[in-house]
Amino acid sequence: MIKRIEEINKRKEMNFHVFTLVASYLNNCPDLVTRETIVEITNGVKANEERAFVSFLANVFSENEDEIKLIEKEYLSRGIKQLSPEEYLKNPFLVNIKIPEIKEGNWNLGYQTYKPYEGFIYRDIETLPNYTEIPQIGYFNTEFSYPTVFENGIEWMAIKPNEIETMKAPIEKARGRVLVYGLGIGYFAYMVSLKQEVESVTIVERDQNVINLFKQHILPQFPNKSKINIVKSDAFDYAKSEMKAGNFNYVFTDLWHDVSDGVDLYVKMKKYEGTCPNSQFEYWIEKSLLSSIRWSIFGGIYTRVKAKSFNGTIEEIEKYLTDDYLKSFVKFI
């Protein structure tokens, strides 16, 4: 058991190290890679651009040759992708919904732009069977503008590749009477309202200014606006007192900005699943949320194993670290 538990711990530490490097890059210098950098490395050969991006970033992340090779092979080469602007510009929301640049209270609508080769997280993490967790970094080789909701000048929700990619699966699964916690800019509501198998979309939002922006400037553009019902309420108050009575077939929760503010809210909402056993529940960036919980649980187990106070088997430990187990476990935290 000790050998295997040390292997898992080593992988956990490497994951954390890589994610720290990626976070520093994306938060402090996402435009570090430029067109000039890529042209210089590739001699202008476009087919080699993605490989050049990976290699350049790996060498920025470390000066140790062995670590550079490991980061490049096991993380960046699997997680970095040059994206096609045309693929996202065909998205129905971006095609059909026009976002005015206006302000309501401490909220406002507007646009932001990615520079050519500017890096960003474009979808949820990928977790391999050996517990390697790969950040998914995308970039365009041209400018790309996208609509954004700002709160006090800070991005809260935006229709960019990350939101489009991370909501694909939940949108595909939505059916019948749909309940959505969190309005944002209305992307999820718009996309599911287009589906014939979706009967209605109830959106729970606590901020009246966000509701006003949506109702005045975005909802009128929905072709199926009659399906939309907005409830002004705290999400957890609604979950406690109203959700069961709604007989919802599908419930989607998107109340957080990222993992840093999402884990506690995710755990809190999971506790209400039992009140609606016939509803299917989905959560935005759930893989990333489960990763945070996984390593928190593993930390406690690792300490007990090292202290020789853990009586279980390695098979039990690895079961505790699976997504399926964690989804059930968090309801009882």
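Visitor: Which elements each supply at least two residues of the lining of the second largest pocket?
Guide: This is a predicted model, so local features need pLDDT of at least 70 and side-chain atom pairs pLDDT 80 or more, while totals for chains, interfaces and linings use all residues. Residues are numbered from 1 along each chain as its sequence is written, and side-chain values use heavy atoms, without hydrogens or water. With helices (H or I, at least four residues) and strands (E, at least two) taken as DSSP runs numbered from the N terminus, the elements are β4 (120–127), α7 (161–166), α8 (168–173), β12 (280–283), α13 (286–306) and α15 (323–329).

Visitor: Is E197 buried or exposed, or in between?
Guide: E197 is found in the loop between α9 (187–193) and β9 (198–205). E197 and R177 are 20 residues apart in sequence, yet 9.2 Å apart in space, C-alpha to C-alpha. Buried means under 20% relative accessible area, exposed over 50% and partly exposed in between (1.4 Å probe, protein chains only). Because its relative accessibility is 47%, E197 counts as partly exposed.

Visitor: And C276, buried or exposed?
Guide: For C29, the relative accessibility is 28%, so C29 counts as partly exposed. C276 has 8% relative accessibility, so C276 counts as buried.
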